[in-house]
Amino acid sequence: MSYDLWKEFNSAETARQVVKLKAFSKFENTSEALEAATLLIEGKASKGLRKFLRAHCENETLAVSDSKLGNVIKEKLKIECIHNNAVMELMRGVRNQLNDLITGLSLQDMAPMSLGLSHSLSRYKLKFSADKVDTMIVQAIGLLDDLDKELNTYAMRVREWYGWHFPELTKIIQDNIQYAKAVKLMGDRANAAKLDFSEILSEDVEAQLKEAAVISMGTEVGELDLMNIRELCDQVLSLSEYRAQLYDYLKSRMNTIAPNLTALVGELVGARLIAHGGSLLNLAKQPGSTVQILGAEKALFRALKTKHATPKYGLIYHASLIGQAAPKFKGKISRSLAAKAALAIRCDALGDGEDNSMGLENRAKLEARLRNLEGKELGRFAGSAKGKPKIEAYDKDRKKGAGALLTPAKTYNPAADSTLGRADVNTEQEPMKIEDGTPEPSVSEKKEKKEKKKGKEKNEEDADAVQDHDNGVEGKEKKKKRKQSGENGELNGDNDADVGEKKKKRKKHAEQEESAEMPKKKKNKKKKVEDQ
C-alpha cells in the first residue's frame, strides 16, 4: 500500500488528487519559527499551533508524524490523532511536493527560509551562540605568541647590529621598543648631542646616552648601513603596534566568551587554557585536577615513569593569584584556583548568564583563603601555636637560664668610704664591712691564717714522703717475686722439653719395630700359599 501511495506523489497533479490544502498559517519572523520548531522537537505544541488546530480540526482525525506530540494534542485539545507507517509515507510525499501544493510559495523564497531556520535550529540544539566563537581566541593567542617570538628576535638583531656602532647604548636602554625608537631617531651617534630624546627617554637616561655617545668605542658605520638598521627598527615598531591591537582584541573576545574565567585567571592565561584544550566546550569537560596541570603533560608523565613527585601546576602558574602566593603556598592556591576555574569554564560554556559575577565572587574567596594561609603562618612564627604571641612582664632582677631565681640587687655602701676614727698604719685597724655586710679580717688574723696554711703544707709533705718510702719497699718485694716466678717458669719449661723428647724417642722405637715385623709377615704368607 505504501508503494502505491508513493506513486501518487510522483507528480504535482496526482498529488493534488490525493491531498488538498485546507488551511495555512505562516510565521511572523524567524524567532517565532525557531520557537515553534524547538517545541515540536521536545514534543510540545506552541500557542500558535493550538489556536490553529482549534480553528480548523475540530471533530476530525489528525495525522501526526510524532506519536508523543499526538498524545499531547489528544489530551489537551481532545482531537483524535493517528500515527502509523502510512501516515509517515504520506508526510514524505507532502514534503516532496510542498511547493506545488501550497499556492503562492516559490522555490526561490523557500530555499533561504528553510536554510536560515535549519541553521538557527542547529545552533539551538548545540546551545551555540554566534558571539561565542572560541576559534577566534585560539587563533589570536597563537598569533600573539608568534608575534612575541618575532619581536624578540628582531629586537635582538637591532641591538646586535647597531651595537657595532654604539655598544654602550645596549646597557643604557633596556627596553626593546625604546631602543628601536632611539636608534631610528638618532642614526649616527654623532647626532645624539643635537637631538631631543625627551619624548622617548627620561632625563637621566638621555644624559647618559649623550655622554656615552661622545666617548663611545664603536666603529664607524656608513649611511647605507644606517638606512637598513632604521628599516629594521620600523619593522620592530610596527610589530609592537600590531601586537598591542591584537591584545586589545583578545581581551574583548575573552570578556565576551569567557567572562568568569577571565576574572579568575586573566585574559592571557584563560586564552592559553582554551587553546590547549581545543575549545571552550572541550575544556568544560575536564575536571579541576586536569585544569591544574594542563600544559605540564611532559613533566607529569616523566614523574609517573620515574616515580617522582608530580607537578602541581601547568599553564595556570602564570595567573596573578598564584604569583601573589609564597612559594610554600603555591601548590594549595593552584589546586583551589583550578577547582574554581573548572566551575567558571562550565558556567561560561553552558550557562545562560553573560556577566562575570561568579568569577569575581570566587576570586574574592581565593584571595581571602590566601590571606588566611599567610596569617596562620605569621601567627605560628610570632608566638604560641594558637597564633597569639606570648607576652611576659619584664623583670630586671630575673636571671637568665632555666631555674632562675629572683635575687635582690646589690647596693653600694657609702660608709665604707669614710676614714674617720681610723688608727695609724702601724696599729691594728678595725675590721671593715664590705658590701655584703661581712666584716673584713684584720692584719693579725691574716698572719695567723698564713702560718696555719704553712703548717698544713709541711704535714702533707711529710705524709707524702712516708707513702713514697712504703711504696718503694713494696715495689722491691714485688720485683723479687716476679724474678722467682720467672725462674720457676724457665725450670718448668725445661722439664716440659725433656718430657717431649722422651715421647718422640718412644714413637721412633715403636715405628722401627713395626717395620721389622712387616717383612716377616709377608714371608709367612708366601710360605702358606706355596704349601697349599
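Biologist: How many helices and strands are in the protein chain?
Modeller: The chain has 22 helices and 2 strands, taken as DSSP runs numbered from the N terminus: H or I with at least four residues for helices, E with at least two for strands. It's a predicted model, so local features need pLDDT of at least 70, side-chain atom pairs count only at pLDDT 80 or more, and totals for chains, interfaces and linings use all residues. Residues are numbered from 1 along each chain as its sequence is written, and side-chain values use heavy atoms, with hydrogens and water left out.

Biologist: And how much of the chain counts as buried?
Modeller: 25% of the 532 residues, where buried means under 20% relative accessible area with a 1.4 Å probe, protein chains only.

Biologist: Switching to H3, which of its residues are buried?
Modeller: Ala33, Ala36, Ala37 and Thr38.

Biologist: What happens at the start of H3?
Modeller: A side-chain oxygen of asparagine 29 sits within 2.9 Å of the backbone nitrogen of glutamate 32. Just past the helix, glycine 43 has a positive phi of about 80°.

Biologist: OK, H11 and H13: which residues meet there?
Modeller: From H11, Ile177, Ala180, Lys181, Val183, Lys184, Leu185 and Met186. They touch Ile229, Arg230, Cys233, Asp234, Val236, Leu237 and Ser240 in H13, with contact meaning heavy atoms within 4.5 Å.

Biologist: At what angle do the H11 and H13 axes cross?
Modeller: Roughly 140°, and they come within 9 Å. Those axes are lines fitted to C-alpha atoms over the stretch in contact, with angles running from 0 to 180 degrees between N-to-C directions.

Technical notes:
Buried < 20%, exposed > 50% of the residue type's maximum accessible area, 1.4 Å probe, protein only. Polar contact = N/O pair within 3.5 Å; in protein donor to acceptor, adjacent residues only side chain to side chain.
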